[in-house]
Amino acid sequence: MTNVGDAEDTPHYHGHRERLRSRFREAGEAALADYELLELVLFRSIPRRDVKALAKELIRRFGSFAEVLAAPPSRLAEVEGIGDSVVTDLKIVEAAARRITRGAVAKRPVLSSWNAVIDYCRTAMAFADKEHFRVLFLDKRNGLIADELQQTGTVDHTPVYPREVVKRALELSATAIILVHNHPSGDPTPSSADIKMTRTIGEIAEPLGVLVHDHIIVGRDGHASFRGLGLME
């Protein structure tokens with residue numbers, strides 16, 4: 001029999017936590033708002049406090065569940081109630097998401113699993129606050145040999161060295177590459193500098209037997225494929 005005093009001592013958020021967990025178990029993540037999914041993560045990080053307000057504040061500040069996970073630790077720490085352990089737990093979830101999407105790319109020929117490639121690129125880079133430039137190196141069967149982050153730049157520029165990109169492809173015995181970078185502004189539309197850089201890499205790579213399959217730009221608002229836009233010769 002439950003003692004009345006025990007019931008009064010039970011924090012009000014315990015029932016909320018169990019109801020939210022039950023809804024997740026029964027209906028899946030699609031039935032939860034971004035802040036509710038974030039609450040489920042925070043439950044483990046902060047076991048003795050109501051975290052709904054904190055989850056909503058994180059979503060308000062950063063924009064979405066994915067953007068909270070991708071936010072730099074220093075910016076997460078600016079939010080009252082977020083300590084090192086919470087930041088670590090959020091980054092573990094982010095790392096798990098990247099590992100899952102990368103696994104989907106690694107198991108199949110890249111060009112026959114294009115949606116998985118896009119999902120991976122968006123998970124890895126779309127919500128970063130600085131530009132990152134990475135290269136997917138492919139073998140003759142279009143299997144993924146390596147995925148390497150080549151450069152990290154500023155909010156609107158990343159230095160790219162075309163000869164170094166091609167040199168690395170030759171070192172890995174890659175026969176094709178896919179270039180990927182992000183636009184922190186959110187708009188994935190290629191700039192004139194993006195187009196020029198892509199053409200320069202292609203001009204250096206082709207005589208050496210390395211094909212540039214595509215250049216993908218990712219951002220909060222979606223992605224752009226140079227090949228899909230007719231920008232690849």
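Reader: How are α3 and α4 oriented to each other?

Author: Two packed helices are described by the angle between their axes and by the distance between those axes. In this predicted model, helix α3 (residues 34–45) and helix α4 (residues 52–62) pack at an angle of about 125°, and their axes lie 9 Å apart. Angles over 145 degrees would count as roughly antiparallel and 65 to 115 as roughly perpendicular; α3 and α4 are therefore oblique to each other. Their crossing is right-handed.

Reader: Which residues of α3 and α4 meet?

Author: From α3, D34, Y35, L38, E39 and L42 meet K52, L54, A55, K56, L58 and I59 of α4. By class, the contact of α3 with α4 comprises 7 nonpolar, no polar and 4 charged residues.

Reader: Which residues of helix α9 are buried?

Author: An α-helix has 3.6 residues a turn, so residues three or four places apart point the same way. In α9 (residues 162–171), the buried residues are P162, V165, V166 and A169. They cover an arc of only 90° around the axis, which puts them on the same side of α9.

Reader: What do the buried residues of α9 pack against?

Author: They pack against β1 (132–138), β3 (176–182) and α10 (192–205). The axes of α9 and α10 come within 9 Å and cross at roughly 45°, which makes α9 oblique to α10. P162, R163, V165 and V166 of α9 form the contact with T200, I201, I204 and A205 of α10. This contact of α9 with α10 has 6 nonpolar, 1 polar and 1 charged residues.

Note on methods:
Residues numbered from 1 in each chain as written. Predicted model: local features only at pLDDT ≥ 70, side-chain atom pairs only at ≥ 80, totals over all residues. Heavy atoms only, no water. Buried < 20%, exposed > 50% of the residue type's maximum accessible area, 1.4 Å probe, protein only. Helix = DSSP H or I, 4+ residues; strand = E, 2+ residues; numbered from the N terminus. Arc of directions from axis to C-beta. Contact = heavy atoms within 4.5 Å. Axes fitted to C-alpha atoms, helices over the stretch in contact; angles between N-to-C directions. Parallel < 35°, antiparallel > 145°, perpendicular 65-115°, else oblique. Left-handed = near helix turned anticlockwise from the far one by under 90°. Nonpolar A, V, L, I, M, F, W, Y, C, P; charged D, E, K, R; others polar.
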